[in-house]
Amino acid sequence: MIHSIRIENYKSIKEATTFDFTVDGNAPKTTRYIQSKVLKNRRINAVTTFIGPNASGKTTSLKAIVLINWLLTESFYEAKENRSLRSMYDPFGTKLRKGVPTKLAVTFERKGQLYDYSVSLFKGNIDFEKLSVKSASEVRTTSKTIFERSWDTNNKRYNYVFKNGVSTINFERFNLADQRHISILAISDRFGEDYARDICDYWRGLKSNIELNRYYIYRQEAFGTLMEMSFDDKKGLKSFVNDIRRYDSGIIGYDTKHRTLEHRTSDGEVLKLEIEDESSGTQQLIVLISKLQFALRSGGVAVIDEFDE
């Protein structure tokens with residue numbers, strides 16, 4: 001569960017801005033909130049909606065969460081495919097604030113542990129990164145560092161710090177360019193560190209319709225979703241199609257053999273359409289429902305932009 005996120009100098013957000021998704025004991029006792037297992041006096045919103053005028057930072061705020069997710073779960077593999085961190089984000093007013101780093105921080109809860117993760121990005125590289133874990137009592141909350149690294153500009157290398165029993169991986173065996181683009185958590189997860197794998201498993205449960213560096217292609221995603229369910233999850237496919245029918249009255253079923261959606265025409269005939277022939281709205285609906293279903297079944301997080309579309 002994500003408790004809060006802090007964003008600074010990222011896209012349309014200039015000054016440090018914190019979004020807190022928790023409520024205290026004064027909030028109503030309803031299913032709208034999920035009780036924290038660490039902080040007894042805090043609950044987390046089950047659903048949070050960003051509402052505001054165009055260019056007010058709604059999408060930027062969501063993209064910051066997706067960028068953190070990319071760093072923790074994808075940066076290792078993306079760097080190996082020569083897709084660098086530089087292509088994944090833009091600082092605020094790129095030309096106006098070239099010398100100012102982008103800073104992101106998130107507080108999240110996983111299996112009774114409360115973590116703080118923070119990262120600083122500068123000129124397309126990771127300049128600073130830190131993970132700490134919090135423990136709380138009725139009196140106070142304390143924090144212990146798990147790892148920390150900072151870029152030494154003079155010596156052109158990182159200074160690493162590992163604490164609290166975390167084994168040290170020899171990061172020096174990675175070339176410097178890879179070190180600068182890959183999160184420590186992503187590397188530790190790849191090499192089987194238990195603490196990292198558990199955290200990254202949580203973030204792999206985050207699903208979104210937001211792409212960081214290219215236009216989101218709904219048609220391809222919608223086709224892939226139905227193909228995967230046709231082969232691997234036929235029971236889930238039936239439930240999935242029923243959900244689609246609730247919101248698109250023109251759809252009556254799905255033909256798994258021909259992989260087409262079935263529509264009832266005005267004269268009562270059944271019309272079968274391939275995904276590429278479906279409307280953009282239906283394609284987006286398929287993608288949206290697949291993200292929400294996964295999050296609801298797995299207890300993960302869904303980050304959805306332009307929900308009304």
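A salt bridge is a side-chain nitrogen of Lys or Arg within 4 Å of a carboxyl oxygen of Asp or Glu. By this rule the structure has 11 salt bridges. The model is predicted: local features need pLDDT of at least 70, side-chain atom pairs count only at pLDDT 80 or more, and totals for chains, interfaces and linings use all residues. Residues are numbered from 1 along each chain as its sequence is written, and side-chain values use heavy atoms, with hydrogens and water left out.

**Salt bridges**
- Arg204 pairs with Asp201, with 2.6 Å between the closest N and O atoms.
- Both residues lie in helix H5 (residues 194–204), 3 residues apart; helices (H or I, at least four residues) and strands (E, at least two) are DSSP runs, numbered from the N terminus.
- A network of salt bridges links Asp189, Arg197, Asp201 and Arg204.
- Asp127 and Arg180 form a salt bridge at 3.6 Å, N to O.
- Asp127 belongs to strand S8 (residues 125–136) and Arg180 to helix H3 (residues 176–181), so this pair ties together parts 53 residues apart in sequence.
- Buried means under 20% relative accessible area, exposed over 50%, and partly exposed in between (1.4 Å probe, protein chains only).
- Arg180 is buried at 13%, whereas Asp127 is partly exposed at 23%.

**Nonpolar cores**
- A nonpolar core is a set of buried Ala, Val, Leu, Ile, Met, Phe, Trp, Tyr and Cys residues joined through side-chain atoms within 4.5 Å.
- The largest core has 45 residues, and its largest share, 9 residues, comes from helix H1 (residues 58–73).

**Sheet**
- An open sheet of 3 strands has the order S3-S5-S4, with antiparallel pairing; strands pair if DSSP finds at least two bridges between them.
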